[in-house]
Amino acid sequence: MYQFPSTKTYGGFLFDMDGTLLNSIAAAERVWGRWATRQGLDLATFLPTMHGKRGIDTITALNLPGIDPVVEAAEILRGEIEDVEGVVAIEGAADFLASLPPERWAIVTSAPMDLARARLAAAGLPQPRIMVTAEDVEVGKPHPRCYQLGLERLAVDAADAMVFEDVLAGVAAAEAAGTDITVITATHQHPVKTDYPKLPHYGEVRVAVGAGGRLSIRFR
């Protein structure tokens, strides 16, 4: 149950993309599954670990012999850009984003820019004015730099921002950046252990835009 104080307002919202605004699990796991099979990895063990992180970080962490993470990540990226079949918006996400002043929200994603643009288009979601992608940081989530950079580009203090996330790596990044957090559970197959407010999707809530463009969340 969503338990956030309805009276609190914000200067800006920051959204993770995959699993938070859109569901790309099927497409991502098709591409990563083919790669993992070629590497001899166990799919059931590997696939749950690759969501919410930069591809190069995922590959580097495997420490596979004879593998160049930069080359492999580039190959996977090409495959993901070409395969967006089944990428769909989370319920209510399109209307929720459309109701926000364009200068008041940003996407902060572990995906590279070209992939982010392709998936947003496939899901029918608006392209944001402000986006932080894999190319913008040297270390991905759970490091907070991505959200710190998003705050800088929005010109909003951490205490005046809400981050929407779906995985623990992203939650940890937002927590370290000092923002409020809402966890979107639309794609969760197992409960995520967190004390932060949770929403199954955006269909139950709306954005209220107050004086000076201040944002708040209201139940429908």
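Helices α3 and α4 of this predicted model are oblique to each other, because their axes cross at roughly 135° and angles under 35 degrees count as roughly parallel, over 145 as roughly antiparallel, 65 to 115 as roughly perpendicular and the rest as oblique. The axes of α3 (residues 55–62) and α4 (residues 69–82) come within 9 Å, and α3 passes α4 in a right-handed crossing. In this packing, G55, I56, I59 and T60 of α3 meet P69, V70, E72, A73 and I76 of α4 (contact meaning heavy atoms within 4.5 Å). By class, six nonpolar, two polar and one charged residues make up the contact.

Under the rule that ring centres lie within 6.5 Å, with planes under 30 degrees apart counted as stacked, over 60 as edge-to-face and the rest as tilted, the count comes to 14 aromatic pairs. The rings of W35 and F46 have centres 6.1 Å apart and planes at 45°, so this pair is tilted. Since W35 belongs to helix α1 (residues 25–38) and F46 to helix α2 (residues 43–46), the pair ties together parts that are eleven residues apart in sequence. W35 is buried at 0% relative accessibility (buried meaning under 20% relative accessible area, with a 1.4 Å probe and protein chains only), and F46 is likewise buried, at 5%.

R119, placed in helix α6 (residues 113–123), is buried with a relative accessible area of 3%. Beyond its neighbours within four places in sequence, R119 is in contact with M17, D18, L22, S24, A28, E80, V84 and V87.

Residues are numbered from 1 along each chain as its sequence is written, and side-chain values use heavy atoms, with hydrogens and water left out. As the model is predicted, local features need pLDDT of at least 70 and side-chain atom pairs count only at pLDDT 80 or more, whereas totals for chains, interfaces and linings use all residues.

Technical notes:
Phe/Tyr/Trp six-rings, centres within 6.5 Å; stacked < 30°, edge-to-face > 60°. Helix = DSSP H or I, 4+ residues; strand = E, 2+ residues; numbered from the N terminus. Buried < 20%, exposed > 50% of the residue type's maximum accessible area, 1.4 Å probe, protein only. Axes fitted to C-alpha atoms, helices over the stretch in contact; angles between N-to-C directions. Left-handed = near helix turned anticlockwise from the far one by under 90°. Nonpolar A, V, L, I, M, F, W, Y, C, P; charged D, E, K, R; others polar.
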